[in-house]
Amino acid sequence: MLGRALPAAEETMAYRIDPRAPVDAAIRRAAQEQIDKAIRDLSGGEDGRHEAVHEARKRLKKLRGLVRLLREADPDFAKAENARYRDAGRTLSAVRDRTALIEALDGLEARFSGEVASSSFDVVRTALELKRQAAIEAEGSAADSAAEALKGLKEGRARLDGLVFGRRAARNRERIVAGIEANYRRGRRDLKAALASGHAEDFHDLRKRIKYLGMHLKLLEDLWPSVLSPLREEADRAADALGRDHDYAVLHAEMLADPRSFGARADLDVVLALLDRHQAELRAQAAETCGRLLAERPDAFAARISRLWTLAAEAPDPAAPPEPVPA
C-alpha cells in the first residue's frame, strides 16, 4: 500500500503561500497539496516502501509547520490538526527511526574517514541493522501502518473546508504573522536554554523551533525571494545539524544502555568518543547559525515579515495579463 515518492522538483514548487491570495485560501491550498502528495506516497504497491514512508513523514512535518501558523488565528483548529498529523507520523516512525541511526553512524564514519579503522564501526552497524530488522518484524503489515496514516490524512483534508477567515485581509495576515512570531520567540528561549544546559533535550527543542522557522520562511518565500530564500537555507542547515546531533544523542544513550549488543568494548568506546567529538562540532556550528537567525527581537522580526507581506500583496502580479492600451 506504499507508492513511490514524488520527484524533488515537483515537491519544491508547492510549499508556498501566495501573498496576493486570501490567507485562508492560500493556507488551504498549501495544506491540500501536501496531504494529496502524502496520500500518493502511501498508496500503491510495496516498491520503494522506505523512500515513500520517508517522504510521507516529511510532508506530515510540513503540515505541522503549516498548522502552527494558525495558533493565533484558529487555536482549536491548530491544536487538533497538529495532533492529527503528529499521530499519523508516529504510525510510520519505528523503522524509519532505526534507519536514521544507521545513517547517523555512516555520517560519523564519513566525518572521521582515515582517522579511525572502519572495523570499529562495522560491529556497531551490524548491531543497528539487527535492531532495525527486529523493528520491521515487530511493525507488522506495512499496509496497516499506511492505512492508519492515510485515515488521518483524509480526515485532515476534509477538515480544511472549515478553515475560513473573515474578509479583513490585513487582520488575517497579522494573525498568521503572530503564529510565526510565537515560534521565533520560543526559538530564542530554546537557544538560550540549550547553550546554558548543554542537554540533548534542550538542543532537540531548539531543532524543532528552527525546523519550523525554516518551514515558515519557505511558505513565505515569495514575499522577497532573494532575501528569504538564503535565510531559509541557513535554517535548514542548522536544523539538519541539530537533527544529526539528536540522532547521535539517541545512539549514544542506546549504546550505553545495552553495551553488550554492540560488540567489543574497545570498539564501542571508539565510536562513543567520536560521537561526543562530532556532537560538539555540530552544536557549535548550529548555535552560531541559530544565534544569527534569531538575532532580532521577536516583535521586530514579526513587523518585518508583516510589512513584506503587505508590500508583496499590493505589488502587481507579474503573471497577470497586461492592461489594454487605451485607443
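Predicted model: local features only at pLDDT ≥ 70, side-chain atom pairs only at ≥ 80, totals over all residues.
Colleague: Is Asp 222 buried, partly exposed or exposed?
Modeller: Residues are numbered from 1 along each chain as its sequence is written, and side-chain values use heavy atoms, leaving out hydrogens and water. Buried means under 20% relative accessible area, exposed over 50%, partly exposed in between (1.4 Å probe, protein chains only). Asp 222 has 39%, so call it partly exposed.

Colleague: Which residue forms a salt bridge with Asp 222?
Modeller: For a salt bridge, a side-chain nitrogen of Lys or Arg has to be within 4 Å of a carboxyl oxygen of Asp or Glu. Here the closest N and O atoms are 3.7 Å apart, and the partner of Asp 222 is Arg 16.

Colleague: How many residues apart in sequence are the parts this pair ties together?
Modeller: Helices here are DSSP runs (H or I, at least four residues; strands are E, at least two), numbered from the N terminus. Asp 222 sits in the loop between α9 and α10, and Arg 16 in the loop between α1 and α2, so the gap is 206 residues.

Colleague: What about Glu 81: buried or exposed?
Modeller: Glu 81 has a salt bridge to Arg 84, with the closest N and O atoms 2.9 Å apart. The two are 3 residues apart in helix α4, about one helical turn. With a relative accessible area of 0%, Glu 81 is buried.
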